Amino acid sequence: MMLSVRDLTVSIGPETAPIDIVSGVSFDIGKGEILGLVGESGCGKSMTSLAVMGLLPQPGPRIRGGRIDLVGADVTQLQPWQRVEAGHGRIAMIFQEPMTSLNPVRRIGDQIAEAVRVHDGVSGAAAQARAHELLDLVRIPDAALQLAAYPHQLSGGQRQRIMIAIALACRPQVLIADEPTTALDVTIQIQILGLLRDLCNRLDMSILFITHDMGVIAQLADRVAVMYGGRIVETADVGALFNEPRHHYTRGLMDCMPARNLGARRLPTIAGQAPRPGAIRTGCVFAPRCAAVQDLCLVAAPPRIVLSEGHEALCAFPLQGERPS
Amino acid sequence: MSETLLEVRDLKTSFNVKRSGRKYRLKAVDGVSLSLVSGEVLGIVGESGCGKTTVGRSIVRLVQPDSGAIQFRGGDVLGARGAALRDVRLNLRMVFQDPYASLNPRRSIGDSVAEAGDINGVFKSRADRAARIAETLSAVGLEPSFATRYPHELSGGQRQRAGIARAILPAPAVIIADEPVSALDVSVQAQVLNLMMDLRERLGLSMLFISHDIGVIGQISDRVAVMYMGRVVELSDARTILDRAMHPYTRALMAAVPKPDPSQRIVGVVETGEPPSQFNRPTGCAYAARCPLASERCLAEAPLLRPIGPDNRLVACHNL
Ligand SMILES: Nc1ncnc2c1ncn2[C@@H]1O[C@H](COP(=O)(O)OP(=O)(O)OP(=O)(O)O)[C@@H](O)[C@H]1O
Ligand SMILES: Nc1ncnc2c1ncn2[C@@H]1O[C@H](COP(=O)(O)OP(=O)(O)O)[C@@H](O)[C@H]1O
Ligand code: SF4
Ligand code: SF4
Ligand SMILES: [Mg+2]
Ligand SMILES: [Mg+2]
């Protein structure tokens with residue numbers, strides 16, 4: 001496994017009364033594999049990925065339990081620089097809004113060369129040459145010209161390619177992409193998704209791809225983890241997930257997509273809204289919104305049921321595996 | 001016989017912007033014509049920055065267009081004053097993308113919802129005002145007690161309901177909804193879309209519904225206008241556009257929608273190119289650099305919107 005996360009719990013609040021914002025999360029990503037992590041706003045996707053990166057904001061959220069293994073080494077409590085020093089696996093991250101991560105007053109070429117200098121220890125012509133190579137890798141045409149440009153002179157899609165180029169400077173074995181196409185239009189999104197898939201194949205890189213969009217998951221992921229209220233409620237191969245969603249939340253997410261209901265007078269909805277962290281202390285976190293809720297769900301934490309090889313759901317009464325229309 | 005409520009003719013709106021010390025004139029909307037008949041929902045779809053919001057803001061006079069004409073029930077909107085302006089303000093109401101930004105954080109929900117009524121002297125008495133607020137909140141599925149709450153106490157979906165209440169309180173003829181569900185999670189998005197479809201039927205509202213999401217647009221619209229770089233490139237019935245798009249940009253847009261079906265993958269298959277910078281707009285067709293059908297003429301001459309085929313459809317393209 002390139003990345004293996006076991007029972008990860010991230011908490012806020014006082015030591016004596018912690019509130020879990022990520023609760024017992026486990027997943028694995030194999031070499032060259034894309035794991036899609038999907039869920040609604042505030043469900044804990046970003047906190048999970050920041051914990052994996054060793055980049056949780058300080059002070060505030062902290063890892064209270066569990067273990068993170070990167071390319072075979074336990075990195076749970078290591079800062080990013082400690083990981084580099086110890087020669088552990090290489091991991092990089094890209095974010096939703098490239099403009100906030102790029103320096104607006106520095107040329108693109110200098111920003112990429114800076115990343116190259118940090119990782120390869122080279123500067124000058126050698127760094128510029130590698131920067132050129134990275135731009136080619138992310139398929140930016142006229143690389144020489146673009147190296148001299150400032151971020152605002154590029155389109156949103158090109159800026160996201162630049163961010164990917166900077167992330168690739170450390171030759172990552174694992175790339176975390178946190179909603180990298182959410183701010184882009186579909187015609188540009190599809191190009192960026194194509195680029196990520198291509199990099200994954202060519203460089204044998206593993207990707208943790210975070211999104212709230214089930215359509216994007218269907219297009220890109222090999223495996224999927226569905227997150228709700230800080231927990232992973234279902235994991236499956238992408239085909240199995242879409243063919244036979246077994247958790248009621250997964251099914252609800254699929255049903256309420258407008259693209260599945262064009263022209264319908266009413267859209268199916270999931271009643272209510274996602275809970276605040278810590279609001280639900282007993283039973284199933286999805287119970288207040290679940291159409292299939294039973295008495296047991298309110299008083300007992302749901303079991304993690306293995307439905308078939310690689311397909312699990314956190315539910316006492318999982319769906320029987322009918323295909324959504 | 002349905003009446004034409006809103007008529008926009010050859011609207012042009014531009015902005016002065018500064019980039020790296022140089023000043024530019026950015027043509028956000030470059031000759032848009034649209035009409036809206038009573039009871040209808042006209043969707044406007046297109047990528048970020050193509051001018052959708054600017055069309056909406058020009059209609060409600062939040063920005064000053066350079067040229068063009070806008071008429072509401074035959075009366076001039078852009079030059080309206082006095083009683084005519086009041087009529088425009090109460091009848092053309094906007095719902096914004098970010099409900100947090102559009103509600104004043106220091107005013108109660110009730111005061112925000114009543115604002116247009118207060119300014120325009122709509123309420124007969126304090127009791128009438130309170131009753132209208134309560135009735136409007138109920139219409140959008142909020143308890144009347146929300147009137148005394150503040151925006152930060154509401155969830156995203158509740159805030160957007162409050163934003164809709166604010167728009168419909170004066171019983172307007174037209175709602176201009178600018179990406180009203182784009183900031184919401186899918187499950188909440190469906191709740192708010194259902195509400196808008198209900199209100200449309202119950203109150204007989206007409207709507208200009210702006211979104212970059214063709215799925216959302218297809219859901220709610222009767223007709224659809226597709227915009228690209230400040231212009232309408234295709235306009236027709238929603239079904240016609242969804243089932244048989246004609247303009248090369250509309251077709252790319254439809255092809256690039258990520259289908260929620262892993263057995264129909266388009267990643268790495270669909271080539272759609274990327275738009276040119278808004279600061280160096282090409283002289284001919286703005287889509288030419290991305291267009292598989294582009295010819296010499298497309299580089300020299302911008303295509304005009306014209307009727308094509310039997311479907312009551314307008315397309316701006318030389319090569320169809
Ligand atoms: N620095 C912080 N301190 C305290 N709570 C936080 C902090 N950052 C996030 N949270 C809370 O933790 C929960 C998970 O947040 P997170 O950002 O991981 O969600 P997300 O799934 O990435 O959502 P989105 O789709 O909106 O990006 C949320 O309830 C959020 O309000
Ligand atoms: N007040 C403004 N000042 C300068 N530029 C603006 C302003 N409003 C919009 N623009 C620019 O006009 C273009 C069209 O914007 P907008 O109508 O918001 O597009 P859309 O709603 O389709 O995303 C964009 O390039 C945008 O940056
Ligand atoms: S455990 Fe119960 S409430 Fe939770 S998802 Fe399953 S059926 Fe619904
Ligand atoms: S006018 Fe030419 S470039 Fe523009 S869409 Fe039509 S064929 Fe393509
Ligand atoms: Mg996030
Ligand atoms: Mg807009």
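Residues are numbered from 1 along each chain as its sequence is written, chains are lettered from A and ligands numbered from 1 in the order in which they are written. In this predicted model, local features need pLDDT of at least 70 and side-chain atom pairs count only at pLDDT 80 or more, while totals for chains, interfaces and linings use all residues; side-chain values use heavy atoms, with hydrogens and water left out.

View 1. The shell of ligand 1 holds 14 residues, of which A:S41, A:G42, A:K45, A:S46 and A:M47 come nearest (a residue is near if one of its heavy atoms lies within 4 Å of the molecule). By class, this shell has 7 nonpolar, 4 polar and 3 charged residues (Ala, Val, Leu, Ile, Met, Phe, Trp, Tyr, Cys and Pro count as nonpolar, Asp, Glu, Lys and Arg as charged, and the others, Gly among them, as polar). Helix α1 (residues 45-53) of chain A provides the largest share of the shell, 3 residues (helices are DSSP runs of H or I with at least four residues, strands are runs of E with at least two, and both are numbered from the N terminus).

**View 2. Polar contacts and cover of ligand 1.** Oxygen atoms of ligand 1 lie 2.6 Å from a side-chain N or O atom of A:S46, 2.7 Å from a backbone N or O atom of A:M47 and 3.3 Å from a polar backbone atom of A:C43 (a polar contact is a pair of N or O atoms within 3.5 Å). Of the 650 Å² of accessible area that ligand 1 has on its own, the protein covers 64% (Shrake-Rupley method, 1.4 Å probe).

**View 3. Ligand 3 in the largest cavity.** Ligand 3 takes up the space of the largest cavity (on a 1 Å grid over the protein atoms alone, a cavity is a set of points where a 1.4 Å probe fits but cannot get out, and lining residues have an atom within 4 Å of a point; a molecule sits in a cavity if more than half of its atoms lie within 2 Å of its grid points). The volume is about 110 Å³ (the space filled by probe spheres set on the points, which are joined across faces, edges and corners). Of the 14 lining residues, A:H248, A:C284, A:C290, A:C297 and A:C315 are closest to the centre. The residues around ligand 3 include A:H247, A:F286, A:P302 and A:F317, and its shell has 10 nonpolar, 2 polar and no charged residues.

**View 4. The second largest cavity.** The lining comprises 11 nonpolar, 3 polar and no charged residues.

**View 5. The second largest pocket.** About 720 Å³ of space lies in this pocket (an open set of grid points with protein on both sides within 12 Å along at least five of seven lines). Its lining has 28 residues, with A:M53, A:I91, A:A92, A:H119 and A:C170 nearest the centre. Two or more lining residues come from each of α2 (80-85), β6 (91-94), α4 (108-120) and α7 (156-168) of chain A, and α4(A) gives the largest share, 6 residues. The lining divides into 17 nonpolar, 6 polar and 5 charged residues.

**View 6. Backbone features in two loops of chain A.** A cis peptide bond with omega of about -10 degrees joins A:Q58 and A:P59; A:P59 belongs to the loop between α1 and β4 (62-70). A:V71, in the loop between β4 and β5 (73-74), has a positive phi of about 45 degrees although it is not a glycine.

Terms used: Polar contact = N/O pair within 3.5 Å; in protein donor to acceptor, adjacent residues only side chain to side chain.
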